[in-house]
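Here is a short report for a reader new to this structure. Take a look at the sequence and the fold before reading on.

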Amino acid sequence: IKKIGLFTSGSDSPGMNAAIRAVVRTAVFYNIEVAGIRRGFEGMINGDIYEMNTKSVSNIIQRGGTLLKTGRSEDFKTAEGRQKAYEQLKKNGIEALVALGGNGTLKGMREFGDDYKDIKIIGVPCTIDNDLRGSDFTIGYDTAINTVIEAVDKIRETAESHDRLFIVEVMGRDSGMIALRTGMGVGAEAVLVPETKSDINALFDRLQRGRKDKTSKIVMVAEGDEPGSAFEIGKAIMKKFPHYDTRVSILGHIQRGGKPTCMDRVLASRLGVAAVEALRDGHTGEMVGLIHNNIAYTPFGQSVKHHRDVNAEFTRIVEMLSL
Ligand code: F6P
């Protein structure tokens, strides 16, 4: 391979820059040229492409966001859009792609790979949601959950002072990975995730069963949870327990920013190196990931097709320890 095209797509995640750095420097190490594609699939379609070298990735390992910028593209969902992208790649002499992103990015790459087999593609899992099969952790998840923990610890302090119950909504799209792990980490009284059917009456029971002298409570809700938004759950709790002083807090996009943690920087560095080496070894149409701390390759179709299960042990522990 003489030239790799590198891009970030979909939502950004902390650690993307560290992954960009790893891909560029590994390619340079193996005498492969790197073309940076700006703004994901849009930049591919519009030919927003520039040469990268080891200096272009200096001083970025510690920064959140993505140097290459990112976005979602409606055009790339069409055959015409993908064809334009293919033509731009050919024009720029790009023989392989390293795609940094989540579910939507890998789905896009799977379709593109079905149409154009002469371009080799490797995906690197970058999303705060940690919802891809084929990697125990995705790049950005660790930073996001640490951001959540820090925020909820602060909420707990004011909740405690005012004897309040807080419903805290976290991101994750249709995955409860962020909610469950951080729920355990902050000692939440209950965690509601989309993977298990959440029953509002069961939540009422849990809250009632709790210790009577416990005056502050935290309920973590994943944004994709079924019985409704955090505000709807908040309203239902206020109606059922008018004596609770209830507040709702939606953490939002704060979860996507910030300096990546050491875990995310190391994961990004390992997977960035693995992506380039996978291409050199002839892999294509696969996502590189870490399974039990070893590099693993998962075909795009499998990494995006099934939802990851939430850990039943986690749910049990949250319940047991919130007494
Ligand atoms: O996939 C990452 C994520 O932050 C999800 O958790 C969330 O549902 C979504 O992106 C939000 O997207 P946007 O930034 O377009 O609002």
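What follows covers a sheet, a pair of helices and the surroundings of a ligand.

This is a predicted model.

**The sheet.** Four strands make an open sheet, ordered E7-E8-E6-E9. Their pairing is parallel. Strands E7 and E9 form the edges, each pairing on one side only. From one strand to the next, the twist averages 20°. Strands E6 and E8 run parallel and are joined by six bridges. In this pair, Val170 stands opposite Ala222 in E8.

| Strand | Residues |
|---|---|
| E6 | 164-170 |
| E7 | 190-192 |
| E8 | 217-222 |
| E9 | 245-250 |

**The helices.** Helix H6 (residues 177-186) lies across E6, E7 and E8. H6 runs at about 165° to E8. How do the axes of H5 and H6 cross? They come within 9 Å and cross at roughly 45°. That angle makes H5 oblique to H6. The crossing of H5 past H6 is right-handed. H5 spans residues 141-162. Its side of the contact is made by Ala144, Ile145, Val148, Ile149, Val152, Asp153 and Arg156. H6 brings Ile178, Arg181, Thr182, Gly185 and Val186. By class, the contact of H5 with H6 has seven nonpolar, two polar and three charged residues.

**The ligand.** Which residues are around the ligand? They are Ser11, Gly102, Thr127, Ile128, Asp129, Met171, Gly172, Arg173, Glu223 and Arg256. By class, this shell has two nonpolar, four polar and four charged residues.

Definitions and conventions. Residues numbered from 1 in each chain as written. Predicted model: local features only at pLDDT ≥ 70, side-chain atom pairs only at ≥ 80, totals over all residues. Axes fitted to C-alpha atoms, helices over the stretch in contact; angles between N-to-C directions. Helix = DSSP H or I, 4+ residues; strand = E, 2+ residues; numbered from the N terminus. Parallel < 35°, antiparallel > 145°, perpendicular 65-115°, else oblique. Left-handed = near helix turned anticlockwise from the far one by under 90°. Contact = placed C-beta atoms within 7 Å. Nonpolar A, V, L, I, M, F, W, Y, C, P; charged D, E, K, R; others polar. Near = placed C-beta within 6 Å. Pairing = 2+ DSSP bridges.
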